[in-house]
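Please read them with the structure open beside you.

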Amino acid sequence: MIKIPKGTKDVLPSNSAKWHLVEENIKKLAKKYALNEIRTPIFEHTELFLRGVGDTTDIVNKEMYTFLDKADRSITLKPEGTACVARSFIENGLDSAGVMPVKMYYETPVFRYENPQSGRLREHHQFGVEIYGSASAYTDAEVISIAKDMLESMQVANVKLYINSIGCADCRKKYNEALRTYLANSLDSMCPQCKERFDKNPLRILDCKEDKCKLVTKSAPRILDYLCGDCKDHFDKLKHTLDLMNILYTVKADIVRGLDYYTGTVFEFVAEDVGLTVCGGGRYNGLLEQIGGKPTPAVGFGMGIERLLQVANADLIDSATPNVPTIYFAPMQEYYDKAISLTAMLREAGISADTDHIGRSLKAQMKYAGKLGVRFVGILGEDELKQDAVSIKDMQIGETQLVKIADLINYIEKKVN
Ligand SMILES: [Zn+2]
Ligand SMILES: [Zn+2]
């Protein structure tokens, strides 16, 4: 038997309504905040991620699905959404359209060759928002409020927002020096990866999940103490704007995010009850220039949909049920033609209807309709058809009523509303 590849999951017909619930909430959110969807291909030239994600990150070093195509081009399945949006933005000249800021969202599968023990999927799905062309702290706050709104629409319990600033290149140069000085003596007790990061990008050492590294970085200097005047001002404005929006936050100095292109604001939403980060984002003013565009301020976030479903309110998720017909016609086999035409008539009136497809007995059809959970079963037998009527059984209350075919649409519509 051919099986699904490791680290991937099917969304089955019985489960897809939960995904639609998320997608409907995304669409409502997009309307409210005037975001428009951008769709980019599943694969890109590998170069995009080397430049747009950064070659010191785990994603690029270990987790990308990279292969040569038949013309020997290096192709990579997208490991995240932002670099792809940035590439499309530049390539399509959206930066010269004179309508800044450009407010976009995406929903996309992303691919990472994760260690199977980690329990994380190799294909998972991300919802993300990207706003390009505004350097204002107001835009950072708006992106944060969109993420918060999304988490609220899924009724995620006990979510906390953590914010930080990792400064501009100038701030980081000074900070990296201070961090290196602090770490130099403890380097021997740290993991091999952090030893590598020490030279290339010491900031990322703060992101290390190894206990021995966490122990060392616990009392490391804080980047917030090394911000230049402009970066400090931006961070203060962000906090002020969040206050205006009544959004609660906690400043947390060790959020640095795993990606190299972040500048200034970084943030995370954590579902505290389960200790899971459900959304991460920030500002990345350097990204567009880094992949060949004009310098363009940019801010955004990514949110894993599988994780969102995991932490969303269970009752809300369970309320998203599969499509079942409102009325199911159960004919004696000799009245099958009538059942087909009645089904068509109701569908034409916009009512979800179905009938037997596989020649079941009347009893078996009733059983099947019960299993599906339909609200009404329309029984077609000799007595009914003699009177141009159908026996409608309301499965919710167990009552059966004879309804004239001419009144049928009206009857169902009234009952449903
Ligand atoms: Zn700065
Ligand atoms: Zn480490």
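1. Two strands are said to pair if DSSP finds at least two bridges between them, strands being DSSP runs of E with at least two residues and helices runs of H or I with at least four, both numbered from the N terminus. On that basis, strand β9 (residues 265–271) and strand β10 (residues 276–283) run antiparallel and are joined by six bridges; F267 has G281 of β10 as its bridge partner.

2. This is a predicted model, in which local features need pLDDT of at least 70 and side-chain atom pairs count only at pLDDT 80 or more, while totals for chains, interfaces and linings use all residues. Residues are numbered from 1 along each chain as its sequence is written, and chains are lettered from A and ligands numbered from 1 in the order in which they are written.

3. The open sheet has eight strands of mixed pairing, in the order β1-β5-β6-β11-β10-β9-β7-β8. Its edge strands, β1 (36–37) and β8 (250–251), each pair on one side only.

4. Helix α1 (residues 16–33) and helix α5 (residues 137–153) pack with their axes 10 Å apart, at an angle of about 145°; axes are lines fitted to C-alpha atoms, for helices over the stretch in contact, and angles run from 0 to 180 degrees between N-to-C directions. N25, L29 and Y33 of α1 meet I146, D149, M150 and S153 of α5, where contact requires C-beta atoms, placed from the backbone, to lie within 7 Å.

5. Helix α1 also lies across β1, β5 (102–111) and β6 (123–132), running at about 160° to β5.

Methods: Two residues are in contact if their C-beta atoms, placed from the backbone, lie within 7 Å.
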